[in-house]
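Grab a pencil and work through these exercises with the structure open beside you. Try each task before you read its solution.

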Amino acid sequence: QVQLVESGGGLVQAGGSLTLSCAASGSIFSINFMGWYRQAPGRQRELVARVLSGGSTVYAESVEGRFTCSRDNAKNMVALQMNSLKPEDAAVYYCNAAIVDKSGRYSSLWGQGTQVTVSS
């Protein structure tokens, strides 16, 4: 069984920084992409950033230049460094990864979610 475990998040003042981390564990054969989504109350879940297996990264326009998504392939981890946080960045952040396990089964997995609160 493969799972994603997130850490980080919390309360920060506007303009501050936070780092989220996510580790994939279990019977992993390969990981395609790893990244982060977020969902604010009353809104749809949206892509924040995603790192593909080749290393290229895609960011939402709203976080471009402020957030950095990085991946450690050796550790099956992905991190999201968030700088210059704004109140509108407040949401539950979810790690997401496309994983093939050692049985050959492909899954798009989600972490449990971590709350990011930004005070103005």
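Strands here are DSSP runs of E, at least two residues long, numbered from the N terminus, and two strands pair if DSSP finds at least two bridges between them. You're looking at a predicted model, where local features need pLDDT of at least 70, side-chain atom pairs count only at pLDDT 80 or more, and totals for chains, interfaces and linings use all residues. Residues are numbered from 1 along each chain as its sequence is written, and side-chain values use heavy atoms, leaving out hydrogens and water.

**Exercise 1.** Sort the residues of β11 (residues 114–119) into a covered and an uncovered face.

*Solution.* 
- Recall that side chains in a regular strand alternate between the two faces of the sheet.
- T114, V116 and V118 make up the covered face.
- Q115, T117 and S119 make up the uncovered one.

**Exercise 2.** What does the side chain of E6 reach, and which side chain of opposite charge is nearest?

*Solution.* 
- Locate E6 in strand β1 (residues 3–8).
- Its side chain reaches the backbone nitrogen of G113 at 2.9 Å.
- For charge, Lys and Arg count as positive, Asp and Glu as negative, with His and the chain ends not counted.
- The nearest opposite charge is on the side chain of R45, 8.0 Å away.

Technical notes
Helix = DSSP H or I, 4+ residues; strand = E, 2+ residues; numbered from the N terminus. Buried < 20%, exposed > 50% of the residue type's maximum accessible area, 1.4 Å probe, protein only. Salt bridge = Lys/Arg side-chain N within 4 Å of Asp/Glu carboxyl O. Polar contact = N/O pair within 3.5 Å; in protein donor to acceptor, adjacent residues only side chain to side chain.
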